[in-house]
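Please keep the structure in view while reading the points below.

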Amino acid sequence: MQRTLTHRAATLLLSCLLSPLAIAAPLRIDNTGEPETLDPQMATGLREFRIDRELYEPLITYDAEGKLIPGLAQSWETSADGRTWTFHLRDAKWSDGQPITADDAVFALQRALLPSTHSQNAYLYYPIANARDVNTGKKAPDTLGVRALDAHTVEITLDAPLSYMTSVMADIALAPLPKHAIKTLDNTHWVRQQPLVVSGPYQLDHWTPQVEVVVKKNPAYYAADSVKIDSAVFYPIENTATALTRYRSGALDISYSQIPSAQYSWAREHLADALKTYPVLVHYVYLPNMREGQPLADHRVREAMNLAVQRELITDKVIQSGQRPSYAAVPAVVTQPHQAPHFDFQSWPYAQRLERAKALMKEAGYSPEHPLDVELAINSVDDHRRIAVALAAMWKPIGIAPHFVTRDSSAHYSAIHHAQFQLARYGFLGAMMTPAEELGMYVSDASNNYAGYQNPRYDQKVAEGVHALTPEAAQRAFDDAQHMLLDDMAMIPILDQTQSLLVSSKVKGWQPNAVDVHPLRYLSVTP
């Protein structure tokens, strides 16, 4: 009798597993690192953005191809002078059933500009009336040029026309926030609430630090019927080799880790159906801390370091996975087909560059016999280490002796944000096809001016570009600003990033794009 019951139980279990009503397995994603926060206004990198874009939806959002489409706003229009934008919200609800209103959008915009929020892209919102003064604490948040005309209409007033306003409004940091759940603008702990109130196609199931973040389909989402994948799990895998191993073992469906350079050729041959390689808006640079008293506050040292970097050797020999050397202040994909400003020494023979670098270091008081000891900070990814080792070898002959400080991504970027570094690897992730985005992070009072660059003339040129009435005028102003950045050696550009990652052929609907946005709502999985 017992054997019969066991047999029946096994048969029933097998039937449930094979039934189309059985719970589908989650989509398994390598997220490249542990998110610092799920607050979309305090997020700083892709490891947060990937999750936040599933939990929250801006007024304007992206489709699978990276094109701008209506989000929580179903339509919008501008005034004849381009200074007033009016957004009409669709009927949508928060995950707790409360309606999403224009007040929620106004609340989010005010909070994004609050100094204590430390939103890294706050400078991008400065064209909004009074935004700069609100962000620098000179004016109250309620003076910001945004208001709710009624429950479903938001009006934003600009100081001057802004040609890329739609891209700005697609920034995840400007997604409406649940005012009824957060209550006060200065509440930074609201994301710890359970359940977390969200507006996107997915809601948070649970977050186990250093293990996984699991999201599940949000039944309150206005387009929930079109969301095909029930749940997804994001793993904080820092090590690229580990990510590749886990993908090959079948434990991952998508790996956003860059394919390790040493295995790129192998992956191209053996994982051709999964390998995705495409240019993205990521500029791989080293940021010098230029604040007074820092060793790299000396322009001569920064110039020498830039001269000594053999960028082609790094892309062609050290990495070998499709990246392009960079001598410019912004990624080439942003400026093409226009020829952006670049370092004049790009065409010099390397021997000439090295001679000039040694002379500059000698003038600054350093030599191979008496080298400058510099802290070189990187996050714990193998290719970052390989590049850092190569850079150290290139700088040694001119009298620079870097010592490495390696941290996980969260700690690495935290140190950068608090100016606790001398020289740090930094990957600038762009979201818009305009030079204004990266150039803005060097404006004197920008919240993400991590290098501490100060140049009032530069600030003025960036402002001219942002508010230019024509694309030609904007380009001229941005070109002038780039020349200043390069002349002042405000960064050490290394390469333009090409993303090389793995997406299982079972995952349908995934599309490569320059803004590197891949919403789960457009994906499906075949057996």
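Helices, of at least four residues, and strands, of at least two, are DSSP runs numbered from the N terminus. The model discussed here is predicted.

**Nonpolar cores**
- In soluble globular proteins, nonpolar side chains tend to be buried together.
- The largest nonpolar core comprises 115 residues, and those with the most contacts inside it are I156, Y286, I314, W395, Y442 and Y458.
- A second, separate core contains 40 residues, including A108, I172, V213 and I229.
- Leaving aside residues up to four places away in sequence, W395 touches M305, A308, V309, L376, I400, P402, L423 and I492.

**A buried histidine**
- H283 belongs to strand β12, which covers residues 275-288.
- H283 counts as buried because its relative accessibility is 0%, and the cut-off for buried is under 20%.
- A polar atom of the H283 side chain lies 3.4 Å from the backbone oxygen of A328.

**Backbone features in loops**
- Q194 and P195 are joined by a cis peptide bond, with omega at about -5°.
- P195 is placed in the loop between α6 (179-182) and β8 (202-208).
- N130, a residue other than glycine, has a positive phi near 70°; N130 is found in the loop between α3 (102-113) and α4 (131-135).
- With a relative accessible area of 25%, N130 is partly exposed.
- Q210, also a residue other than glycine, has a positive phi near 65°; Q210 lies in the loop between β8 and β9 (212-217).
- Q210 counts as exposed because its relative accessibility is 54%, and the cut-off for exposed is over 50%.

Technical notes:
Residues numbered from 1 in each chain as written. Predicted model: local features only at pLDDT ≥ 70, side-chain atom pairs only at ≥ 80, totals over all residues. Heavy atoms only, no water. Core = buried A, V, L, I, M, F, W, Y, C linked by side-chain atoms within 4.5 Å. Buried < 20%, exposed > 50% of the residue type's maximum accessible area, 1.4 Å probe, protein only. Contact = heavy atoms within 4.5 Å. Polar contact = N/O pair within 3.5 Å; in protein donor to acceptor, adjacent residues only side chain to side chain.
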